[in-house]
Structures are given as C-alpha cells and as structure tokens.
Amino acid sequence: MAKKLPLSFYRQDDVTSIARQLLGKVLVTSIDNVRTAGVIVETEAYAGIRDRASHAWNNRRTQRTEVMYQPGGLAYVYLCYGLHYLFNVVTNVKEVPEAILVRALEPLDGIAAMQHRYPHKNTVKMTAGPGSLCKALGIDAALNGEQLTGNRIWIENAPAIADAQILAGTRVGVQYAGADALLPYRFSIKDNKWVSKGKGL
C-alpha cells in the first residue's frame, strides 16, 4: 500500500517546486467507504501575498481564504462561478498563504464510482479539468479544511516524474493578474492525454 505524503512535504517553502513534485502522485478520496483515485498530471502554483493571481494576494484575508493561512497539508476547496468545486493543496507554514490547484488526473481506482458521480462516455473528459475531477472524486465544500493526512482525502506517494517529462506554462483564467499572469506556474506531464485543454496566455 502506498504511503500518504507526510505533512513535511506540504510545508516546504517553494510552492512551484511542490507543484512539480505533486505530478505523478495519487490523489485519493474515500467517501462512504468508496475509494476513488487518480494520478495527478497537471497542477498550478499560487504564490500567496506576492502573486496577483492568488486569492491571498496583498494579504487578503476573508472567511474563504482563511484556510490558506493555516499550516500546509490542508484541502482548500471552493466554488468557482457558482458551478464547479476546485481542489487546492495548502502549502508552506502558518501565515504564508500559498496553494496549488490540482487541474487534472489520470483515473486509477474506482472508475465506475467516478462515472456514476459524473457520467461521461469519454473517461478522459471525466477528470481532465479541475471542476471535472472534483465531480468524479466527490470533492465538495464538505472537504474544505480537511487534513490531507486523514481518511477522507489524501495524496499518496509515487515515483518522481523526470524533469524532462514536465512541461511548464502560464496558468488558466488569470488574465486579471497583470504581469503575474505570465508566470510559468502551470505544470503538466508531457504527452499525457488527461491534461486539461485550458489555455494559458
């Protein structure tokens, strides 16, 4: 059985490094004793108070963002445009509000349960986007603030992806962030068909 990533993994101080390290790791949910899991194939880093694309830019603190200011190793789940839940990994130490959006998964376990939650003839589309993967894995606001070392949602260790297999580019939907929209903070596994079709700048 693969080991869960320890809290020390999430509390490293370089959010872009963690976003790269998460590629190839396995995101798991256990909801009503049903395990669903997928290999992380795409991530985006958000560098806290210095990153205009981050919810915590300029030390913005709201009821929604408060979880970002907690020690790394928590789930940050929020509703986007009133339609889709998005799953983020809180990183770094207390009061340093950095996070990583998980954008796409390659399905691994519990595929029938994923299809029941989010019916799709094309299993690629089922988890090839941040809102889609949350539907497939049953991730919603009930998991916001959940410890990623617990028994409802966690990430399992797996071999590192070689640097030559990692693509870096700009993030999706952050045009409002000015120069920060051009930062190469989106990472994906080269030639993986489950990487989302979202376009950066």
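The buried residues of helix α5 pack against β1 (26-31), β2 (34-46), β4 (84-91), β5 (98-109), α3 (111-117) and α4 (123-127). Buried means under 20% relative accessible area (1.4 Å probe, protein chains only); contact means heavy atoms within 4.5 Å. This is a predicted model, where local features need pLDDT of at least 70, side-chain atom pairs count only at pLDDT 80 or more, and totals for chains, interfaces and linings use all residues. Residues are numbered from 1 along each chain as its sequence is written, and side-chain values use heavy atoms, with hydrogens and water left out.

**Helix α5**
- Seven of the eight residues of α5 (residues 130-137) are buried, so the helix is largely enclosed by the rest of the structure.
- Among the buried residues are Pro 130, Leu 133 and Cys 134.
- Helices (H or I, at least four residues) and strands (E, at least two) are DSSP runs, numbered from the N terminus.

**Largest pocket**
- The largest pocket is lined by 28 residues.
- Tyr 78, Cys 80, Tyr 81, Leu 86 and Val 172 lie nearest its centre.
- β2, β3 (75-80), β4, β5 and α5 each give two or more residues to this lining.
- A pocket is an open set of points on a 1 Å grid over the protein atoms alone, where a 1.4 Å probe fits, with protein on both sides within 12 Å along at least five of seven lines; lining residues have an atom within 4 Å of a point.

**Second largest pocket**
- β7 (166-169) and β8 (186-189) each supply at least two lining residues.
- β8 gives the most, with four residues.

Note on methods. Buried < 20%, exposed > 50% of the residue type's maximum accessible area, 1.4 Å probe, protein only.
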